[in-house]
Amino acid sequence: MNFLIKILNLISKLPLKILYIFSDIMFFLNYYFVGYRKKVITQNLKNSFPEKSDAEIAAIRKKFYRNFSDYLVETIKSFTISETEARVRMQHINQELFQDAKTEGKNIILLAGHVFNWEWMNALATIVPQEHSHPVYRRVKSSFWEDQMKMIRNKFGNEALEAKEVILRIFRSKNDGNAVYLFVADQTPHFSHITYGLEFLNQRTPVFTGYDKLATRMDLVFIYCEMKKVKRGFYQINYHRIEPDGEKFVEHEVVKKFHKLLENTLHKRPDNYLWSHRKWKYQDAIKNFDS
């Protein structure tokens, strides 16, 4: 494994213009020969955009494979990318929202989707006025990749937290405006943990609700991260504060508003989402559905 780490680090040190050559090769092999999860991707797209023709679905799928190949090499680049390069390649819009939360004395819950490239958000920790920045990750089966992904998310002064522990950690921590927690919030709950679902992209969708429980019990600031791929190797995040309809959030309000915002993002840029993810495989397990 040490040898593999050394190889990954050597590859990571290559300039992105070289790494994108590898991406082009991967795209060509995957799109024209391998067809990684082609049936899953195609079905997800057809179910999500029933108004689109087969030709339009095929075009989105092709762009997805290209973006997915870029995502893979960009993730490898994350091992050694410098703070300067990360901040140049990821532009952060509406940064004043972080100072507003600091002034209000409220911690922040950032909600992002699996929109490329969410892995490059880590340099945000060097920009925000909050002292503590916590990317939330889900443990993977491979201990090797667990360690590598945790290392990436701990860069730039971040303190990564495992998803199973983070909710309790937030409840027990001081809500003083000095912490930011980043959730990739469109995760699919484990079959045994599905309690709630909603309509998302024209489908019954089981959703993770941990952060929604925080909204009704703590006075936190919730911010949606709208990711946009400007051009190859350059991204933009536009931050939007999620506000309650009433004086405070009610049950499931934040989770519904997040998925609506994410849905709007995907309608604008459908090829930049992780369509190979089997997000809808547990539809029948939903006990409480909100249409």
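Leu-201 is buried, with a relative accessible area of 0%. Buried means under 20% relative accessible area, exposed means over 50%, and partly exposed lies in between (1.4 Å probe, protein chains only). Leu-201 sits in the loop between β6 (197-200) and β7 (203-206). Its phi is near 55°, a positive value in a residue other than glycine.

This is a predicted model, in which local features need pLDDT of at least 70 and side-chain atom pairs count only at pLDDT 80 or more, while totals for chains, interfaces and linings use all residues. Residues are numbered from 1 along each chain as its sequence is written, and side-chain values use heavy atoms, with hydrogens and water left out. Helices (H or I, at least four residues) and strands (E, at least two) are DSSP runs, numbered from the N terminus.

**Backbone features**

- His-252 also has a positive phi in a residue other than glycine, near 70°.
- His-252 lies in the loop between β9 (234-242) and α10. At 12% relative accessibility, His-252 is buried.
- The peptide bond from Phe-116 to Asn-117 is cis, with omega near -5°.
- Asn-117 is placed in the loop between β2 (108-112) and β3 (132-137).

**Nonpolar surface patch**

- Helix α2 (residues 16-34) gives the largest share of the patch, nine residues.
- Val-34 lies in helix α2. Val-34 is exposed, at a relative accessible area of 60%.

**Contacts of two single residues**

- Ser-276 lies in the loop between α10 (253-268) and β10 (289-290). Its relative accessibility is 3%, so Ser-276 counts as buried.
- Contact means heavy atoms within 4.5 Å. Neighbours within four places in sequence aside, Ser-276 is in contact with Tyr-36, Arg-37, Val-40, Ile-41, Phe-64 and Phe-68.
- Trp-145 is in helix α7 (residues 143-153). Trp-145 is partly exposed, with a relative accessible area of 39%.
- With neighbours within four places in sequence left aside, Trp-145 is in contact with Leu-8 and Val-140.
- Trp-145 and Asp-245 are 100 residues apart in sequence and 41 Å apart in space, C-alpha to C-alpha.

**Helix packing**

- Two packed helices are described by the angle between their axes and the distance between the axes.
- Helix α9 (residues 210-217) and α10 pack at an angle of about 125°, with axes 7 Å apart. The two helices are therefore oblique to each other.
- On the α9 side, Tyr-211, Asp-212 and Ala-215 make the contact.
- Axes are lines fitted to C-alpha atoms, for helices over the stretch in contact, and angles run from 0 to 180 degrees between N-to-C directions.
- Angles under 35 degrees count as roughly parallel, over 145 as roughly antiparallel, 65 to 115 as roughly perpendicular and the rest as oblique.

**Salt bridges**

- The whole structure holds 18 salt bridges. A salt bridge is a side-chain nitrogen of Lys or Arg within 4 Å of a carboxyl oxygen of Asp or Glu.
- Asp-24 and Arg-66 form one through their side chains (3.8 Å, N to O). Asp-24 lies in helix α2 and Arg-66 in helix α4 (residues 54-77), so the pair ties together parts that are 42 residues apart in sequence.
- Asp-24 is partly exposed at 31% relative accessibility. Arg-66 is partly exposed too, at 36%.
- Lys-257 and Asp-245 meet in a salt bridge (2.9 Å, N to O). This pair links distant parts of the chain, twelve residues apart: Lys-257 is in helix α10, Asp-245 in the loop between β9 and α10.
- Asp-245 is exposed, at 70% relative accessibility.
- Lys-257 also forms a salt bridge with Glu-253, with the closest N and O atoms 3.1 Å apart. Both residues lie in helix α10, four residues apart, about one turn of the helix.
- Glu-253 is buried, at 7% relative accessibility.
- Salt bridges that share partners join Asp-24, Arg-66, Asp-70, Lys-229 and Arg-232 into one network.
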